[in-house]
Amino acid sequence: MIRRSVFFFGRVQGVGFRYTTCRVASAFSVSGFVRNLPDGSVEAVVEGAEADVSAFLADLSQEMSGHIR
């Protein structure tokens, strides 16, 4: 089991980022949380097997590629 904290920047608030994160996560054996930060970024904390965490983050990045940097 690993735990990663990832910060997303760009236009990530007000675009369904947290909802999309939950939807994408349902396909993987991961747990965690997502929260908006005061500076306009979003923090995601995710736990699970390394392969699941990596695959989840890759899918999430692809899904939200138009909004994050």
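Contact means heavy atoms within 4.5 Å. The model is predicted: local features need pLDDT of at least 70, side-chain atom pairs count only at pLDDT 80 or more, and totals for chains, interfaces and linings use all residues. Residues are numbered from 1 along each chain as its sequence is written, and side-chain values use heavy atoms, with hydrogens and water left out.

View 1. Met-1 lies in the segment before E1; strands (E, at least two residues) and helices (H or I, at least four) are DSSP runs, numbered from the N terminus. With a relative accessible area of 82%, Met-1 is exposed (over 50%; buried means under 20%, partly exposed in between; 1.4 Å probe, protein chains only). Not counting residues up to four places away in sequence, Met-1 touches Gly-48 and Ala-49. The C-alpha atoms of Met-1 and Asp-52 are separated by 9.7 Å, although these residues are 51 apart along the chain.

**View 2. Surroundings of Val-24.** Val-24 belongs to helix H1 and is buried, with a relative accessible area of 8%. Residues up to four places away in sequence aside, Val-24 touches Phe-56, Asp-59, Leu-60 and Glu-63. From Val-24 to Glu-63 the C-alpha distance is 8.5 Å, against a separation of 39 residues in sequence.

**View 3. The two sides of helix H2.** The 14 residues of H2 (residues 50–63) should span 20 Å at 1.5 Å a residue, and the end C-alpha atoms are 20 Å apart, which agrees; the expected span is 1.5 Å times one less than the number of residues. Val-53, Phe-56, Leu-57 and Leu-60 of H2 are buried. Seen down the axis, these buried residues fall within an arc of 95°, so they line one face of the helix; the arc is that of the directions from the helix axis to the C-beta atoms. They pack against strand E1 (2–8), H1, E2 and E3. Ala-51 and Gln-62, on the other side of H2, are exposed.

**View 4. The largest pocket.** The volume of the largest pocket is about 160 Å³ (the space filled by probe spheres set on grid points, which are joined across faces, edges and corners). A pocket is an open set of points on a 1 Å grid over the protein atoms alone, where a 1.4 Å probe fits, with protein on both sides within 12 Å along at least five of seven lines; lining residues have an atom within 4 Å of a point. Of the 13 lining residues, Thr-21, Ala-25, Gly-32, Phe-33 and Val-34 lie nearest the centre. Helix H1 (17–25), strand E2 (30–36) and strand E3 (42–48) each give two or more residues to this lining, and E2 gives the most, with 5.
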